[in-house]
Amino acid sequence: MKKIALHWQILIGMLLGLFFGYLMIQVSGGKEFVENWINPLGVIFINLLKLIAIPLILASLVKGISDLKDISKFRNIGLRTMVIFIMTTVIAITIGLVLVNIFKPGNGISNETIERLTSTYSNNTGLQAKIEEASLQKDSGPLQFLVDMVPDNIFTAMSNNKLMLQVIFFTVFLGISMLLIGEEKARPLKNLFDSLNDTVLKMVDLIMISAPVAVFALLAYVVVSSGDPDLLYALLKYSGVVVLGLIFMIVFYCTFIFVTTRINPFWFLKKMSPAQLLAFSTSSSAAVLPVNMKIVEDEIGVDKEVSSFVLPVGATVNMDGTSLYQGVAAVFISQALGFHLELTDQLMIVLTALLASIGSAAVPGAGMVMLVIVLESIGFPANKLAIGLALIFAVDRPLDMCRTVINVTGDAMVSLIVAKSVSKIDYTKAKRM
């Protein structure tokens, strides 16, 4: 009997999770049952993926750099990667701003709905924590992101997935140093990391066996914890603008891939579907990173020399979906609360959202912290900040799920484009038009 493809298994798990979660809402004690007995299965799965993210970055990035043999090749890959990351992020923010100014979703929110959302969410402890975290980032110096990039203790950095950029810095430093001491002296260390890389990839295979059950658990929990349906409906127009912008980003990715590589974009999306479905379920680029790397290398044909650098860096600094959401959310809140935005304010949103995405943690909810920074950059009244965030808090999780799909897809797209530019694609795997 033919085995069902992984992306179909995950999709079936998602649909069953949504249906099961809906049933549990109707049953007395159903929400508590899902929280106590179902959701932990999903949490364990996410923890397993995050567990191997740092070892995979260490192993694959050192292997990729040491295989280059020439440090100039690494410089070419790094420069092209950052240029494309910046370009796609600016395009994402621009798409979001254009759509939110055309549809003006904030103008349709009644005062009654604003008051209800405010009373429900403005005192939420999670929301207040994000405001405080954003304030700390805003008060730091202009070069603080560079300071934060360099660890003073690599073991401390490896113990926290939020410090992934520090791990990448150390790993790149280590890989370059191995190139400089020569192949003969570096061979024992290289063999160690090669073996570690193969082992971690096998761990990915083992973890993915439980993916359908995990996404069932995660989606069931999302449904039972979704809150008041009436408030969700009130924000439907805003959510629709965000989702429409994310769809436009997928169209942009497909067009960019076809024009630059002549690879079939529909084939690309089909191969990416397991990673995209996991991104939707987990809302975490860091959790999906091991799966994304395996798909991009084994299924799409990007050489490890490229993917081992582009994807870990992308999971940290390239957040197209989140940046698009920043633009839409900032203007939506301003529209709803009557805060007028000039053209210069909207240009400031583009710049601030771009800078805020660099170094932002690749974990659920990071987008809300970035949004606070964006709102403060355009002079949004501090006394209305909690109210503004409360307006969108009800739909933040489902939209976080959607924008994480774009973040992960964007990382894979950039790795493909960079690989093509340095002739590092295996066309026996890649399907061209």
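Biologist: Why is the pairing of Asp 194 with Lys 190 called a salt bridge?

Modeller: The closest N and O atoms of Asp 194 and Lys 190 are 3.0 Å apart. A salt bridge requires a side-chain nitrogen of Lys or Arg within 4 Å of a carboxyl oxygen of Asp or Glu, so the pair of Asp 194 and Lys 190 qualifies. This is a predicted model, in which local features need pLDDT of at least 70 and side-chain atom pairs count only at pLDDT 80 or more, while totals for chains, interfaces and linings use all residues. Residues are numbered from 1 along each chain as its sequence is written, and side-chain values use heavy atoms, with hydrogens and water left out.

Biologist: What separates Asp 194 and Lys 190 along helix 9?

Modeller: They are four residues apart in helix 9 (residues 183-208), which means a separation of about one helical turn. Helices here are DSSP runs of H or I with at least four residues, numbered from the N terminus.

Biologist: How do you know whether Asp 194 is buried or exposed?

Modeller: Its relative accessibility is 16%. Buried means under 20% relative accessible area, exposed over 50%, and partly exposed in between, with a 1.4 Å probe and protein chains only. Asp 194 therefore counts as buried, and Lys 190, at 17%, is buried as well.

Biologist: What makes Glu 305 and Lys 424 a salt bridge?

Modeller: Their side chains meet at 2.9 Å, N to O, which is within the cut-off for a salt bridge. The pair links distant parts of the chain, with Glu 305 in helix 15 (residues 304-317) and Lys 424 in the segment after helix 20 (396-421), 119 residues apart. Glu 305 is buried at 12%, whereas Lys 424 is partly exposed at 23%. Elsewhere, salt bridges that share partners join Lys 63, Asp 67, Lys 190 and Asp 194 into one network.

Biologist: How many salt bridges does the whole structure hold?

Modeller: The search finds 14. One of them joins Glu 297 to Lys 304, with the closest N and O atoms 2.9 Å apart; both of these residues are buried.

Biologist: Why is Val 43 called partly exposed?

Modeller: Val 43 has 35% relative accessibility, so it falls between the buried and exposed limits. The residue lies in helix 2 (residues 30-68).

Biologist: What makes Ile 257 buried rather than exposed?

Modeller: The relative accessible area of Ile 257 is 0%, which is under the limit for buried and therefore settles the label. Ile 257 is found in helix 12. Leaving out residues up to four places away in sequence, Ile 257 touches Arg 262, Ile 263, Phe 268, Met 413, Leu 416 and Ile 417, where contact means heavy atoms within 4.5 Å.

Biologist: Which residues have the most contacts inside the largest nonpolar core?

Modeller: They are Tyr 238, Leu 371 and Ile 392, in a core of 139 residues. A nonpolar core is a set of buried Ala, Val, Leu, Ile, Met, Phe, Trp, Tyr and Cys residues joined through side-chain atoms within 4.5 Å. A second, separate core of six residues includes Val 34, Ala 217, Ala 220 and Val 224.

Methods:
Helices (H or I, at least four residues) and strands (E, at least two) are DSSP runs, numbered from the N terminus.
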